[in-house]
Amino acid sequence: MKKCNFFVAKKHRVNMLSQLGQRMNADEMVGNNKTRFSRQIVAIWMMVLSCLLFALMGVFVKLASSHYSVGELVFYRSLVGIILMLGAARIQHGSLYTRYPKAHLLRSLYGAIALCLWFYAIGQLPLAMAMTLNYTAPVWMALLVMVGAQLQGYRQVDPLLLMTIAVGFAGVICILQPTMQDKQWLGGLIGLLSGFVSAIAFLQVAALGKLDEPGYRVVFYFSLVGIVLGAAIVIIDGGFVPHTVNGVLLLSAMGVLAAGAQWSLTYAFLNGKTLLNASLQYLTIAFSSVLGVLIFGDQMTLLIMFGMLLVVVSGVIAAYSRDKSRG
């Protein structure tokens, strides 16, 4: 009888331990879900912060463009990037050596050229307009993907890609029409070209990601090529101008804001939802619109605002299309 009671008690203890283990696992899962949810909430706010910092960076680029040439702005922006990426590599105990120098050179060259074009457009156009034209990169990427698919023999075209391209370029036409009337056509076309070259650079970044190249290494070589390209443009343009206290402050603010924006963006994409982040990034245009009106007195017509809205819609469609294809 005692032996029977012993086995009953033992079975009861086993059941209690099993229930306790299940309860602990359930509590652990709830805790992990709460942690994951809190990280996603933080990621949303970090994405919003990134958009605000990018818009503020555009403000300082525009202010600094009255003191420095495009080549100088790219040079100093890239110099800050080099310093930060050297620090990042050291903190992560990583190496700057790469087995894919050609891939890095292509990505860095396209990225540096896009940066030059974008900075020129910011100096010539209303801030929000220059930002929006650069943010046509997803539309160009959709067009490049569609053309690439056709060249590889795929006859069926994704309707979402067609919608992205149609809506995006309808927005571009609305934005560029006033620039033609105000004789800002060169700045408008260069801003649009910056979006196209950025799209090629983004595709190169995706290719480097598949090669498991770390982000700090990608940004390091991009900054290195930016320094070389910026210095070359400066030399052709007549050399560096002497610094002033105001100029140094503008350059410092530009570099710090760019670094903060990039860090916030990286955190958001690492911890948040890709589709949501890709949609939220267009808040940069909204922030730039407000800052442009308040600081520079930019005039925003209904046609321009409608064009910006179409570009934002096309970008969100493109993000959804990419997310759907990955899923």
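The secondary structure of the protein consists of 12 helices and 0 strands, in a model that is predicted. From the N terminus on, the order of elements is accordingly α-α-α-α-α-α-α-α-α-α-α-α. Of the 327 residues, 42% count as buried. The accessible surface comes to about 18,100 Å², and 69% of this area belongs to carbon and sulfur atoms. Among contacts between residues at least 6 apart in sequence, 88% join residues at least 24 apart.

The structure holds 9 aromatic pairs. Tyr76 counts as buried because its relative accessibility is 16%, under the 20% limit. Phe240, with a relative accessible area of 39%, is partly exposed. Ring pairs also link Tyr76 and Phe240 with Tyr68 and Phe75 into a cluster.

Tyr135 and Tyr282 form an edge-to-face pair as well, at 5.7 Å centre to centre and with 65° between the planes. Distant parts of the chain are linked by this pair: Tyr135 is in the loop between helix H4 (127-134) and helix H5 (137-151), while Tyr282 is in the loop between helix H10 (274-280) and helix H11 (283-296), 147 residues apart. Both Tyr135 and Tyr282 are buried.

Charged side chains also lie over aromatic rings. The charged end of Lys62 is placed over the ring of Phe296, 5.6 Å from its centre. Arg107 lies over the face of Phe222, at 4.7 Å from the ring centre.

Technical notes. Residues are numbered from 1 along each chain as its sequence is written. This is a predicted model: local features need pLDDT of at least 70, side-chain atom pairs count only at pLDDT 80 or more; totals for chains, interfaces and linings use all residues. Side-chain values use heavy atoms; hydrogens and water are left out. Helices (H or I, at least four residues) and strands (E, at least two) are DSSP runs, numbered from the N terminus. Buried means under 20% relative accessible area, exposed over 50%, partly exposed in between (1.4 Å probe, protein chains only). Contact means heavy atoms within 4.5 Å. Accessible areas come from the Shrake-Rupley method with a 1.4 Å probe; for residues, only the protein chains shown count as cover. Rings of Phe, Tyr and Trp (its six-membered ring) pair if their centres lie within 6.5 Å; planes under 30 degrees apart count as stacked, over 60 as edge-to-face and the rest as tilted. A charge sits over a ring if NZ of Lys or CZ of Arg is within 6 Å of the ring centre and within 35 degrees of the ring normal.
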